[in-house]
Amino acid sequence: MTACIVGWAHTAFGRLEGETVESLITRVACDALADAGIAPRDVGEIVLGHFNAGFSAQDFTASLVLQASPDLRFKRATRVENACATGSAAVHQGLQAIAAKSARIALVVGVEQMTTTPAPEIARNLLKASYVREEAKIEGGFAGIFGRIAALYFQKYGDQSDALAQIAAKNHRNGLGNPYAHIRKDLGYEFCRTESDKNPRVAGPLKRTDCSPVSDGAAALVLADVETALALGKAVVFRAAEHVQDFLPMSKRDVLKFEGCAQVWRRALAGAGVALADLSFVETHDCFTIAELIEYEAMGLVPEGSGARAIAEGWTRKDGRLPVNPSGGLKAKGHPIGATGVSMHALAAMQLTGAAGGMQVENASLGGIFNMGGTAVANYASILERIK
């Protein structure tokens with residue numbers, strides 16, 4: 001337990017008119033420091049998570065965080081990237097600076113502006129997170145890649161369309177309570193289950209309601225060592241923070257097993273000295289509904305091929321035995337690539353401090369987070385607990 005979350009900030013996610021990458025970064029940086037009660041001059045490390053890959057013409061963005069205050073000038077600032085897990089990569093770099101005692105306080109920001117990019121370019125940009133040599137020609141971009149995974153899963157374990165629709169409906173229902181969510185509408189199981197003009201098939205068996213939306217947004221955290229954190233207003237400690245990286249080509253892995261996800265969960269639970277059943281909730285990476293289904297299996301909630309049971313029997317509902325994505329997940333909240341992992345940690349901290357409002361899980365005491373980049377290539381897991 002070397003570091004705690006002591007403050008956070010979060011913009012709305014969605015199509016944010018009139019915003020820029022810079023305006024989003026500076027707003028959440030200022031707000032997170034104010035929330036923590038930390039003066040900018042006391043920050044020892046700045047880390048920015050920004051995937052970009054063509055979304056922004058400004059590709060050298062670490063120093064944009066300094067625009068939040070003149071007192072941040074000449075601080076160490078680094079931009080990090082690890083596909084859709086970019087936000088968690090930034091969090092981990094902040095944690096490492098504190099663990100190394102090179103900083104007592106780290107400011108971590110995650111950002112992406114995606115909606116100003118034309119749709120064909122969005123697909124091309126996202127495919128840069130795949131193994132381009134073998135996977136770039138898959139039709140439908142990243143939706144096409146996960147559509148292929150869904151088709152293979154259906155072939156092996158039977159048609160899971162009911163389960164995918166139940167996951168989508170659950171997350172959209174949860175998203176109603178999230179003031180930051182891109183989509184705040186309870187779409188209902190029947191709409192999510194039925195192919196229609198408003199819910200067309202996108203790739204393989206995946207429909208539009210199986211895919212997270214293209215979003216803009218930013219989130220920020222202030223991290224501090226435990227001693228510093230206990231002198232501040234609130235402290236949510238990292239019981240564990242683990243990262244494993246798997247092979248990039250899907251051809252070198254069994255893509256139905258999400259083995260990197262399984263490995264990182266095992267390490268995080270062991271490191272925290274807890275079992276999955278001890279967690280009050282999980283925020284997991286549902287970029288597509290098939291991803292959440294397979295993640296149920298990888299985290300150890302159900303055996304391989306049995307993910308549908310967890311959603312069918314209500315285990316992962318907000319009032320179930322292990323609420324999954326009480327925020328609405330990426331499916332309802334949106335998925336601005338660089339911001340997602342930071343957002344997950346901010347929302348989990350809100351849960352643990354009783355500040356989650358309409359998202360609140362009753363008596364939340366221990367939270368799990370899983371954020372992945374690519375097809376379970378970059379895998380990050382955190383277990384958080386409030387200590388003040």
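Which residues have the most contacts inside the largest nonpolar core? They are Phe-146 and Ile-290, in a core of 101 residues. This is a predicted model, in which local features need pLDDT of at least 70 and side-chain atom pairs count only at pLDDT 80 or more, while totals for chains, interfaces and linings use all residues. Residues are numbered from 1 along each chain as its sequence is written, and side-chain values use heavy atoms, with hydrogens and water left out.

**Nonpolar cores**

- A nonpolar core is a set of buried Ala, Val, Leu, Ile, Met, Phe, Trp, Tyr and Cys residues joined through side-chain atoms within 4.5 Å; buried means under 20% relative accessible area, exposed over 50%, and partly exposed in between (1.4 Å probe, protein chains only).
- Beyond its neighbours within four places in sequence, Phe-146 is in contact (heavy atoms within 4.5 Å) with residues including Leu-206, Phe-258, Cys-287, Ile-290 and Met-372.
- Val-28, Leu-48, Leu-66 and Ala-229 are among the 33 residues of a second, separate core.

**Helix H6 against helix H10**

- The axes of H6 (residues 161-175) and H10 (residues 289-298) come within 9 Å and cross at roughly 100 degrees; axes are lines fitted to C-alpha atoms over the stretch in contact, and angles run from 0 to 180 degrees between N-to-C directions.
- H6 is therefore roughly perpendicular to H10, given that angles under 35 degrees count as roughly parallel, over 145 as roughly antiparallel, 65 to 115 as roughly perpendicular and the rest as oblique.
- On the H6 side the contact includes Leu-164 and Ile-167, and on the H10 side Ile-290 and Leu-293.
- This contact has 7 nonpolar, 2 polar and 2 charged residues, where Ala, Val, Leu, Ile, Met, Phe, Trp, Tyr, Cys and Pro count as nonpolar, Asp, Glu, Lys and Arg as charged, and the others, Gly among them, as polar.

**Helix H2 against helix H13**

- H2 (residues 86-99) packs with H13 at an angle of about 60 degrees, with the axes 5 Å apart, which means that H2 is oblique to H13.
- Thr-86, Gly-87, Ser-88 and Val-91 of H2 meet Gly-338, Gly-341, Val-342 and His-345 of H13.

**Cysteines**

- The structure holds 0 disulfides, a disulfide being a pair of cysteine sulfur atoms within 2.5 Å.
- Cys-84 is buried, at 11% relative accessible area, and its sulfur is 6.4 Å from the closest cysteine sulfur, in Cys-287, too far for a bond.
- Cys-30 counts as partly exposed because its relative accessibility is 33%.

Key: Helix = DSSP H or I, 4+ residues; strand = E, 2+ residues; numbered from the N terminus.
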